[in-house]
Amino acid sequence: MKTRKVSIQDNISKGCRICKKGAKMVLFITGVCHRTCWYCPLSVERKGTDRTYANERVVDSPEQAIEVAHRMSALGTGVTGGEPLARPDRVISYCSRLKEEFGPEHHIHLYTSTAPDHEMLQSLVGIIDEIRLHPPMEIWDQVLTSDYVTSAVDAKKMGFDIGFEVPALPEVDVLTQVLPFIDFLNINELEWGDHNADGMRQRNYLLEDGLHNAIEGAREWAARISKEDKVHFCSSSFKDSVQLRKRLIRVARNTARSFDHVTRDGTIMYGSLVPQKNDRNWVQGLTPGSYEDMGDHVELSMRELRSNAQTLSGDSSIIERYPDRGIIVEVTPL
Ligand code: SF4
């Protein structure tokens, strides 16, 4: 296995510091985007669809997003897409409600592939704290004469924290020239996804290992510019093993029932019994609150179920799933 040479630095934006704790809710405004970046990391399921997600849940209103934020005790929100500013009214209504509910200290950062003009920036004052511009790769070498620098300078004057957020492509070094105009530059490790797989193959890019979606060489492409103080390299493994895991643990702690077991990965485990014959009598003899009757099956502590599975008539299994009735990861029949 290769030695990893670029370390995660501490000189990161406030948005990233909260993200690092797993305390940011991800508010995916829309999958609609006017651009066609070959490396786009969006899943086929989300790309181009005009649905809003708070973390992994589809939401139809700011109130539903607020509920998701409460369930993870969110300290902030990262607004992303697609192109969130393709739906500016939605950005404004969701972010205004989040600020009202959690107060001005609820930190909100916005990713956008546009270069917002003064009027658009004005509409975001007070509801967005940090803006991350993603200029198209094709203009990186002329970025100083582009609208992105004009927008960055304007945003800074208006009080936003302002940065660029781009993937680690071979030409990422060229963005050194923009550092005097921005507060930070985030470089995301290039990741293989279902939508960009053809583009990766056409460029002969390979996966770095069998564990993550990171592309071999992406760290090295970012290594030189990552030495600059304002630059932060965000690795694929960090996103999976730190950000996501910590976010799941926050949700699990807030939502687990007394008999759920919370794992180190932030998933929950419990026993599931589909009662047959006299099984329901046995269940009713358990301490109230130590099980939940779901109608067609009963959920209870996996230890209790394991100890009694041999004497029960119905099907027993151990379930591992993401917290808050998230996706099932594993079903182990007993
Ligand atoms: S701007 Fe962002 S969301 Fe749009 S195509 Fe490019 S990478 Fe995908």
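Reply: Let's start with burial: a residue is buried if 20 or more other C-beta atoms lie within 10 Å of its own, exposed if 12 or fewer, and partly exposed in between, with the C-beta atoms placed from the backbone. By that count, 37% of the 334 residues of the protein chain are buried. Keep in mind that this is a predicted model, where local features need pLDDT of at least 70, side-chain atom pairs count only at pLDDT 80 or more, and totals for chains, interfaces and linings use all residues. Residues are numbered from 1 along each chain as its sequence is written.

The part to zoom in on is strand E7, residues 161–167. Helices (H or I, at least four residues) and strands (E, at least two) are DSSP runs, numbered from the N terminus. Six of the seven residues of E7 are buried, so the strand is largely enclosed by the rest of the structure.

Now for its partners; two strands pair if DSSP finds at least two bridges between them. Strand E6 (residues 130–133) pairs with E7 in the parallel sense, over four bridges. Look for Leu133, which stands opposite Phe164 in E7. To get from E6 to E7, the chain passes through helix H5 (residues 147–157), and this β-α-β crossover is right-handed. That label means that, with the strands pointing away from the viewer, the path from the first strand over the helix to the second runs clockwise.

E7 also runs parallel to strand E8 (residues 184–188), joined to it by five bridges. Phe164 turns up again here, opposite Leu185 in E8.

Stepping back, the protein chain has ten helices and 15 strands. Its C-alpha atoms fill a box of roughly 75 × 50 × 35 Å, taken along the principal axes. The chain is divided into domain 1 (14–251) and domain 2 (258–333), with bounds that come from an automatic or database domain assignment. Taken over C-alpha atoms, the centres of the two domains are 39 Å apart.

Where they meet, six residues of domain 1 are in contact with seven residues of domain 2, contact being C-beta atoms, placed from the backbone, within 7 Å. On the domain 1 side, helix H8 (residues 236–255) gives the largest share, four residues. Sorted by class, that side has three nonpolar, no polar and three charged residues. Here Ala, Val, Leu, Ile, Met, Phe, Trp, Tyr, Cys and Pro count as nonpolar, Asp, Glu, Lys and Arg as charged, and the others, Gly among them, as polar.

Methods: Contact = placed C-beta atoms within 7 Å.
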